[in-house]
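Subject: Structure handover

Hello,

Here is the structure I promised. Please open it first, then read my notes below.

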Amino acid sequence: MSSSKRKAPQPKVVFEGVSKTFKKKGEPLEVLSAIDLTVDEGEFVCLLGPSGCGKSTLLNIAGGFERPTRGSVKIDGAEIVAPSSKRVFVFQEYGIFPWASVWDNVVLGIRHKSKAEQHRIVGEVIELVGLEGFERAYPMELSGGMKQRVEVARALAVEPDVLFMDEPFGALDSLTRLTLRTELLRIWNERKPTILFVTHDVDEAMQLAERIVVFSARPGRIAEIVSVDMPHPRDIGGVEYGNIKNRLYELLGVTHMI
Ligand SMILES: Nc1ncnc2c1ncn2[C@@H]1O[C@H](COP(=O)(O)OP(=O)(O)OP(=O)(O)O)[C@@H](O)[C@H]1O
Ligand SMILES: [Mg+2]
């Protein structure tokens, strides 16, 4: 998360010709086809597409949990072959440990650091996600939104330079989702990690991303990359917002005028 060399965009995550074919009941199932994408350092990119188009698979490949059938993913020029703590996942259903307090959940990834460092970092990220006062609470005492904040805090504690988020707010009510989006944007502005965020929610992508990568249905291909060159907070009632949103729906093949 260096802030010193952010003048010219630096490629951070580079997908080159990534394809993935799974075997399903002995039959090949092509899930991703020839994905080329460069995400710059500090960029916030959303992956948007219909269910089953391979969004999670692409993140799993970038995270080193799956291998591509063809092509490669490089981060800082090095090919990804295994997971690393510098690249952190936040999943919708990943789940924090129910038997550990908020503090203990957040400290998990940085146990190798000195006690003083742990204290500083955990205190900082807990404040960043707005959970001060809940350090000693257990997950059963928290709302869904608060649990998701713990998850985000845990990810931030390891100071990742790339954050992969797979529908992290999908299970939450719409008001909590809105709040957490705003908070994520604030955190991104403060720390500028590179973020790849999967969603099938057009508004979520519109509110968050600098660029939206729209996927076609399976096998997932990039249909178009849509830039959202609008400052935050975005005027969601404005013409520009409406035009981009219409384009996204068009690309997704959905009629949304009702
Ligand atoms: N490990 C696996 N083995 C076999 N098939 C798989 C595996 N993982 C995913 N698939 C298949 O690959 C396709 C894409 O799955 P993936 O989870 O990447 O889609 P997605 O775009 O994330 O969908 P959603 O929006 O519903 O989360 C699906 O048809 C799924 O059944
Ligand atoms: Mg998925």
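**Around the ligand**

A polar side-chain atom of R218 lies 3.1 Å from an oxygen atom of ligand 1. That is a polar contact, meaning a pair of N or O atoms within 3.5 Å; within protein, one must be able to donate a hydrogen and the other to accept it, and residues adjacent in sequence count only if both atoms are side-chain atoms.

Before you go on, some ground rules. This is a predicted model: local features need pLDDT of at least 70, side-chain atom pairs count only at pLDDT 80 or more, and totals for chains, interfaces and linings use all residues. Residues are numbered from 1 along each chain as its sequence is written, chains are lettered from A and ligands numbered from 1 in the order in which they are written, and side-chain values use heavy atoms, with hydrogens and water left out.

Back to ligand 1. An N or O atom in the side chain of K55 is 2.8 Å from one of its oxygen atoms. A polar backbone atom of G52 is also 2.8 Å from an oxygen atom of ligand 1. The protein covers 68% of the 640 Å² of accessible area that ligand 1 has on its own. Accessible areas come from the Shrake-Rupley method with a 1.4 Å probe; for residues, only the protein chains shown count as cover.

There are 16 residues around ligand 1, and S51, G52, K55, S56 and T57 come nearest. Being near means that a heavy atom of the residue lies within 4 Å. The shell has 5 nonpolar, 6 polar and 5 charged residues. Here Ala, Val, Leu, Ile, Met, Phe, Trp, Tyr, Cys and Pro count as nonpolar, Asp, Glu, Lys and Arg as charged, and the others, Gly among them, as polar.

Which helix gives the largest share of the shell? Helix 1 does, with 3 residues. Strand 1 (11-24), strand 2 (27-40) and helix 1 (55-62) each supply at least two. Helices (H or I, at least four residues) and strands (E, at least two) are DSSP runs, numbered from the N terminus.

Two strands pair if DSSP finds at least two bridges between them.

Strand 1 and strand 2 are joined by 10 bridges. They form a hairpin with 2 residues between them. In the turn, K25 has a positive phi of about 50°. Strand 1 also runs antiparallel to strand 4 (residues 70-75), with 5 bridges.

Strand 3 (residues 44-48) and strand 9 (residues 211-215) pair in the parallel sense over 4 bridges. L47 has V213 as its bridge partner in strand 9.

Best wishes
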